[in-house]
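Open the model in a viewer and keep the selection panel at hand.

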Amino acid sequence: MNRSSNSHASLFLMEMMIAIMLFSLASAVCLRMFAACHQIGEETRDLNMAVYQAGNAAELLRHSLKSKEGAQDAFPGCIQAEYPQAVMDGATLMVYYDAGWKPCQEPGSAHCMEIVQSLEEGLALYEIQIRNMDGQEGEIYSLPLKLHQPQRP
């Protein structure tokens, strides 16, 4: 009688150990899935904000070329008014953003929007590129833009 109860106890203990191992395995898989979902969500948020910021800059450039004062400058006043902390170097404009996509100075920035202008036969060509500054995957979004530059008297 004593042998039978020992046999049942060890069988129950073995069954409990297998159940704990299965629950541990399932929780490890779920934890990995939650971490991957969080990463995908962050990347999606960054892509959405990059598309929004590039579109905003493109609309400002398009609007400024239609106005009388915007046709002469590489980056007209409305661009400089919208991005007061931007760094301008000739035909390149750099706008830096923190992790929450608020404009900031270059030190401590998480993202950067670079707008490069070139001219070609009555066209103003802009390349708007948004990239990570923290060394993750680099470019988030790129938007080439061709705008007709009207002739001003």
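Select methionine 113 first: leaving aside residues up to four places away in sequence, Met113 touches Gln53, Ala54, Ala57, Tyr83, Leu93, Met94, Val95, Tyr97, Ile128, Gln129 and Ile130. Contact here is heavy atoms within 4.5 Å. This is a predicted model, in which local features need pLDDT of at least 70 and side-chain atom pairs pLDDT 80 or more, while totals for chains, interfaces and linings use all residues. Numbering starts from 1 along each chain as its sequence is written, and side-chain values use heavy atoms, without hydrogens or water.

Next, select the largest nonpolar core, with 24 residues. Such a core is a set of buried Ala, Val, Leu, Ile, Met, Phe, Trp, Tyr and Cys residues joined through side-chain atoms within 4.5 Å; buried means under 20% relative accessible area with a 1.4 Å probe, protein chains only. Met113 is among the residues with the most contacts inside this core, as are Leu61 and Tyr83. The largest share, seven residues, comes from α1.

Now select β2, residues 92-97. Strands are DSSP runs of E, at least two residues, and helices runs of H or I, at least four, numbered from the N terminus. Six of the six residues of β2 are buried, so the strand is largely enclosed by the rest of the structure. Thr92, Met94 and Tyr96 lie on one side, and Leu93, Val95 and Tyr97 on the other.

β4 pairs with β2 in the antiparallel sense over six bridges, with Leu93 opposite Ile115. β3 is antiparallel to β2 over two bridges, and Tyr96 stands opposite Cys104.

Technical notes: Buried means under 20% relative accessible area, exposed over 50%, partly exposed in between (1.4 Å probe, protein chains only). Two strands pair if DSSP finds at least two bridges between them.
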